[in-house]
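The model comes first, then the details.

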Amino acid sequence: MNERLFKAVEDRVDDLVALTADLIRFPTVNPPGEAYRPCAEFLGARLRKLGFETEFIRAEGAPGDSDRYPRVNVVARFDGRSPGACVHFNSHIDVVEAGDGWTVDPFAGVVKDGRVYGRGACDMKGGLAASVIAAEAFMEVYPDFPGAIEISGTADEESGGFGGVAHLAMLGYFSKPKVDHVIIPEPLNKDRICLGHRGVWWAEIETKGEIAHGSMPFLGDNAVRHMGAVLQAFEDELFPALDRKMTRMPVVPEGARRSTMNINSVHGGQTEDFRPGLPSPNVPDWCRLTIDRRFLLEEDIATVKGEVTGILERLKRERKKFDYEIRDLMEVLPLMTERDAPVVKAVAKGIMEVFDREPDYVISPGTYDQKHVARIGHLYDCIAYGPGILDLAHRPDEWVGIADMVESAKVMAIGLNILLRGTTD
Ligand SMILES: [Zn+2]
């Protein structure tokens with residue numbers, strides 16, 4: 001037990017709560033990407049006071065970036081007394097819109113009953129605040145530490161991270177030798193280590209038809225009926241096959257420990273925007289469907305795509321006049337950091353010290369910014385670890401527990417001690 005480090009964190013509880021509430025008060029709602037600059041500047045000013053050097057990087061040209069909604073990121077770095085490894089804590093500062101059903105003001109930073117409430121409390125301003133406090137406590141106890149600590153507040157995670165971590169990674173901010181270990185304090189619960197995520201393939205399928213008068217559909221060719229045949233084949237063949245594919249990845253919740261596919265949308269034919277009035281009596285000559293396929297380490301993306309195009313090709317052979325196009329919208333490969341990676345072992349040791357038990361190792365069903373760190377930065381010593389209960393994210397009356405933040409700040413401080421000083425003492 002590292003009593004000095006623990007005490008240094010506990011001494012800062014009020015500060016931790018105040019920092020979380022202050023961060024929540026910036027309504028960094030994305031889309032559209034509100035208040036990024038003041039939030040990043042606030043965080044930067046806070047870290048500068050601790051001696052960090054700060055940089056503000058706007059992702060000009062990124063999706064959504066404009067003078068009204070600039071994608072502003074902050075990266076802060078503190079170099080220790082001697083050279084060594086660099087540990088980077090990365091948090092996204094954007095939040096999803098508040099939505100309905102709140103009993104408190106979502107942007108007031110309300111503190112009550114041992115919790116801080118607000119949009120982004122758990123996802124993930126509480127985690128960001130915990131990492132700042134962890135760094136501060138560590139720097140106080142070990143002022144002569146070797147290596148460096150970086151803390152970033154980045155934009156747009158909720159919309160794919162292109163104006164945030166992806167942009168910074170392309171500029172080299174998430175690569176060696178600048179950075180060695182990355183911890184993303186997403187709300188995965190204080191005693192769990194998230195090693196990565198499943199893969200994603202989004203695609204749009206379009207079936208073709210021929211327009212004709214609705215009273216004589218035999219003169220045309222109905223694109224919606226062709227799409228019906230696609231959906232029928234998915235129901236009969238693809239969904240049952242996906243359901244049988246289980247993974248060794250420890251995905252939570254349990255239901256996501258297999259391949260899944262969602263039909264995101266289907267649209268076809270003439271506009272539905274005819275009210276008041278009547279729809280136009282036409283045979284639809286197009287129908288479009290978007291799919292969201294989540295896949296496993298055990299699957300390769302060529303096979304994942306082949307399962308869908310195989311069905312489409314067969315329909316083309318067997319079904320009269322069937323024609324289609326398919327377009328990739330997004331692909332992200334599955335990721336899983338090894339359990340013996342340095343950052344995993346260091347945080348696991350922290351969890352054992354604080355909770356006196358082994359951590360749970362989990363995989364996220366959906367992706368987060370770790371994908372950019374790996375794919376663009378080629379840095380694989382990366383995990384998500386932070387306070388907050390995942391199920392509360394994006395919901396009304398979102399909150400983060402103060403005790404949970406304190407405990408996970410202790411875990412992070414121990415992680416820093418192991419990664420930078422090579423010891424828990
Ligand atoms: Zn998040």
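## Salt bridges

Lysine 7 and aspartate 11 join their side chains in a salt bridge, 3.1 Å from N to O. The term means a side-chain nitrogen of Lys or Arg within 4 Å of a carboxyl oxygen of Asp or Glu. Lysine 7 is partly exposed because its relative accessibility is 49%. Buried means under 20% relative accessible area, exposed over 50%, and partly exposed in between (1.4 Å probe, protein chains only).

This is a predicted model: local features need pLDDT of at least 70, side-chain atom pairs count only at pLDDT 80 or more, and totals for chains, interfaces and linings use all residues. Residues are numbered from 1 along each chain as its sequence is written, and side-chain values use heavy atoms, without hydrogens and water.

## Other pairs and a network

The whole structure holds 38 salt bridges. One of them pairs arginine 357 with aspartate 191 at 2.7 Å, N to O. This pair links distant parts of the chain, 166 residues apart. Arginine 357 is partly exposed at 33%; aspartate 191 is buried at 19%.

Lysine 316 and aspartate 323 form another salt bridge, 3.5 Å from N to O. Lysine 316 is partly exposed at 40%, and aspartate 323 is partly exposed at 32%. A network of salt bridges links Arg12, Asp15, Arg46, Glu136 and Glu140.

## Serine 152

Serine 152 lies in strand β6, residues 146-154. Strands are DSSP runs (E, at least two residues), numbered from the N terminus. Serine 152 counts as buried because its relative accessibility is 0%.

Beyond residues up to four places away in sequence, serine 152 touches Val74, Val75, His88, Phe89, Asn90, Ser91, Leu128 and Phe174. Contact means heavy atoms within 4.5 Å.

Definitions and conventions. Helices (H or I, at least four residues) and strands (E, at least two) are DSSP runs, numbered from the N terminus.
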